Amino acid sequence: WGLLLLVAALALEQTAAARCPAPCVCDNLHAHVLCLNGSLTAIPTTIPQLTKKLNLRGNSFTVIPAGAFLATPYLTHLDLQRCKVERLEEGAFRGLGRLVYLNLASNGIAFLYQESLDGLSSLQQLILEGNRIEEIQPGAFGHLGSLTVLDLRANALVYLPDMVFQGLQVLRWLRLSHNTLHVLGSEAFAALPALRRLSLDHNELQALPGEALARLDGATRLDLGHNPITYVAEEALAMASLKHLFLDHASLQDVAPDAFAHSPQLRTLDLRENQLQGLPPLVGAGGLVRVSLAGNPLLCSCLLRPFHDWLARVRVQAEGACAAPPALRGRPLDSLRPPEMRCSRPQLPPSSAVPLGQPRAASSGQCPQGCTCSPDFRHGSCENRDLQEIPRGFPRDTRLLDLRRNAFRMVPPGAFPGLKELVSLHLQSCSIGALHPGALWGLESLVYLYLTNNRLSTLVATAFEGAPQLAYLDLDHNAFVSLPAGAFQLLPNLISLHLQHNAIGELAEGDLVGAGGLRWLYLAGNAIRRIAPAALAPTKMLEKLHLEGNHLVEVPTAALRGLPTLSELKLSQNPIKHMGDGVFLPVASSLQHLYLDNMGLERICPGAFAGLGPKIRSLYLESNKMSNIPDMSNFTGLEILNLRDVPFHCDCQLLPLRRWIDKLNLRVGATCGSPAEAQGLKVKLSTTFQTCPGWGQGKAGGASPDKTKAASKPSEKKRLGKSPARGFKKSRA
């Protein structure tokens, strides 16, 4: 019997070896198959069924089709690095219920859809590093209940929406380094109960995303280095289990004394290579063991003495060396003695020396009572102090002033005397109803002004007098019913204007006079019904125009004239039912991103997209009511086309679109709404086109309509066996 078993095993091995596809190498003893750096353009179909590890690195697949690995159900490891993959079709990995490791690094994948990763119920590690992922659809990871490591490094992510990682119940390490993230939804990490490590380093975060991070009760390590964060505010980080925080190589100029008061388990704090001249004693961080301040311009004067004393008292090891004064330059912090840390300010009495990060008394003239001033760091804060008047007396070299969540009601003339170096002013949620003339007088260095969530309904140009460098103005969530005409004529450097979620009903001529340098105009969520033909004329440098969620009933073609650099236009969620010929001609030479989704659009004229062509990179038409769309064969530069939830009438008039979709290397989500026999089917799968004249022309191998029809029956049957709603709703461009 033993001899028979040996012969059978040898025969089985020889049979398996015979099935090893060229140019692959098969190790049947260990069930490994390697097809490295070859010229494969499709997944081999003759790989031995019992293969456990499959390495296809360095081939050229472009698309991973549905069911590509159904013939190898025992796979546990799959490597698809550097395979030029651009798209994962729905169900690409179905049947791989045993797979624990999937490497898709260094490909060209731009989007992840809800069903891209179906069937991977046992997957533990997913590597997507070095792709072009710009957007992750919520639910994309919903079927990966066993995943412990998700690597999304070096992609093009800018924004993380709420619940984007829903379903990853056992994920322990999320790697988001080397993206361009600058906005995180407050619930972005809400569905990650087991996460222990989060890597957000090398992004574009300008502030600590405290609200989003507060959802991570179990995380012990947080990497935030190499982000342009300038200030860590009071109680900014509330992570109950956090032990290791990395904020190295940022732009930190100040850290509030109680910044980490709600992270009681913090052990190591890495602040290397910032712009810190010192730190205050860190309240509530009694468990801290090590603080690294190497590479900071530490000022080892009497102002640093409280921090130095605190280090000794709580026995925290500190790394770093003095940059000043000259007598102490190069001295390690732990070698200093308190008498050496003197203040060389003979013109000030000793009582003026105030510890770093601590509020000064009002009598000193250096900081209002109850506020926190860090003159050496140039920051001041009176956030949420229930103040009814804007305080005065901040240090003259203050660069950032945080006055959020008070009850000022109005900003009087000359409210900020002596603050010529102020760059950023935060007045959000202060119940402000009036910005008086001269309110910003003297703020000659002001660049950022935040007035979100107030009660402003009007503005006068003289309110901005004296602040000519203002570039970013945020007026979202106020009470404007019209654009404050001429209010921006004293702001020649205005780049970005936010007026979202007000009640503006019209853009009139003269509203934007003087805003010649404006590049980004955000007007979403208003009630705009009309845009005067000359309303946007002053903004000849405009690049982004966001008008989604308004009451426009037609494309404002006349208003788009004279905008030669407009690259992004959002008209989503406007009640535009009909789109006439040539409506985008004024911006056809510059437009790259066009949003026309969720409008109830019923008809697009054949010439509606006249002039648009290779420059268009993304076109969003999902969730509309038209049954056909114009010829877009010259849209050769498309990277995104979304036709989801559009009830196409799949008859012979739609045949040109069907053929064009076949040629696209894109996922468009186009679905038939009629006739009845095609309802719910993908346009690509519908057989209603097979009776059209010329159907067989251009088909692979010159197949006749009858042969094509016969060949397509199994696909049709399989598709009809599914819930049409499932395939319809989850398709995404």
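Which residues does S116 touch, not counting residues up to four places away in sequence? In this predicted model, S116 touches L88, E89 and F93.

**S116**
- The relative accessible area of S116 is 1%. Buried means under 20%, so S116 counts as buried.

**The largest nonpolar core**
- In soluble globular proteins, nonpolar side chains tend to be buried together.
- The largest nonpolar core here has 107 residues. F416, L425, M579, F584 and F609 are the residues with the most contacts inside this core.
- Two helices, α4 (557–560) and α5 (655–663), each supply at least two residues of the core. The most comes from α5, which gives four residues.
- L425 touches L401, L403, F416, L440, L443, L446, Y448, L449 and Y450, leaving out residues up to four places away in sequence.

**A second core**
- A separate core has 103 residues, including C35, F189, I229 and L293.

**Cavities**
- Three cavities of 30 Å³ or more are found in a search of the whole structure.
- The volume of the largest cavity is about 50 Å³.
- P391, R392, G393, F394, A415, F416, P417 and L419 line the largest cavity. By class, this lining has six nonpolar residues, one polar residue and one charged residue.

Methods: Residues are numbered from 1 along each chain as its sequence is written. This is a predicted model: local features need pLDDT of at least 70, side-chain atom pairs count only at pLDDT 80 or more; totals for chains, interfaces and linings use all residues. Side-chain values use heavy atoms; hydrogens and water are left out. A nonpolar core is a set of buried Ala, Val, Leu, Ile, Met, Phe, Trp, Tyr and Cys residues joined through side-chain atoms within 4.5 Å. Buried means under 20% relative accessible area, exposed over 50%, partly exposed in between (1.4 Å probe, protein chains only). Contact means heavy atoms within 4.5 Å. On a 1 Å grid over the protein atoms alone, a cavity is a set of points where a 1.4 Å probe fits but cannot get out, and a pocket is an open set with protein on both sides within 12 Å along at least five of seven lines; lining residues have an atom within 4 Å of a point. Grid points are joined across faces, edges and corners, and a volume is the space filled by probe spheres set on the points. Ala, Val, Leu, Ile, Met, Phe, Trp, Tyr, Cys and Pro count as nonpolar, Asp, Glu, Lys and Arg as charged, and the others, Gly among them, as polar.
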